Amino acid sequence: VRDTAAELLPQSKQVKAIVQATVGSAAVMSADRNRVVVLLFVDQATVKQQPGAKTPETRIDQSRVRMTMSHVRGHWLVSELVAL
């Protein structure tokens with residue numbers, strides 16, 4: 001992940017990229033006292049402007065994410081996040 005972030009950061013600055021993700025809907029797949037698995041439907045909007053372009057371009061991607069949360073010392077923490 002660190003290698004990917006280090007590679008993407010200079011590129012994102014060059015194209016002035018802005019990315020915003022919004023959860024449109026969520027559903028519990030399974031749950032017990034200390035663990036819950038949730039299916040998230042995510043809309044990701046990306047705005048970027050290529051060097052020399054007059055206007056920025058916008059792209060919307062829709063995806064599904066499986067998120068597992070675990071109850072640890074009184075807090076619910078994300079223990080796994082998987083793009084489907």
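In what order do the four strands of the open sheet stand? Keep that in mind as you select each part.

This is a predicted model, where local features need pLDDT of at least 70, side-chain atom pairs count only at pLDDT 80 or more, and totals for chains, interfaces and linings use all residues. Residues are numbered from 1 along each chain as its sequence is written, and side-chain values use heavy atoms, with hydrogens and water left out.

**Start with the whole chain.** Show the cartoon. You will find one helix and four strands. Helices (H or I, at least four residues) and strands (E, at least two) are DSSP runs, numbered from the N terminus. Along the sequence the pattern reads α-β-β-β-β.

**Next, select the sheet.** The order is β1-β2-β3-β4, and the pairing is antiparallel. β1 (18–32) and β4 (75–83) are at the edges with a single partner strand each, so one side of each has no neighbour in the sheet. Two strands count as paired if DSSP finds at least two bridges between them.

**Now select β2 and β3.** β2 covers residues 35–48 and β3 covers residues 57–72. Their antiparallel pairing runs over 14 bridges. Click Q44: opposite stands D61 in β3.

**Zoom out.** The C-alpha trace spans about 55 × 25 × 20 Å along its principal axes.

**Finish with the surface.** The protein exposes about 6,800 Å², by the Shrake-Rupley method with a 1.4 Å probe, where only the protein chains shown count as cover for residues. Carbon and sulfur atoms supply 54% of that area. Of the 84 residues, 15% are buried (under 20% relative accessible area, with exposed over 50% and partly exposed in between; 1.4 Å probe, protein chains only).
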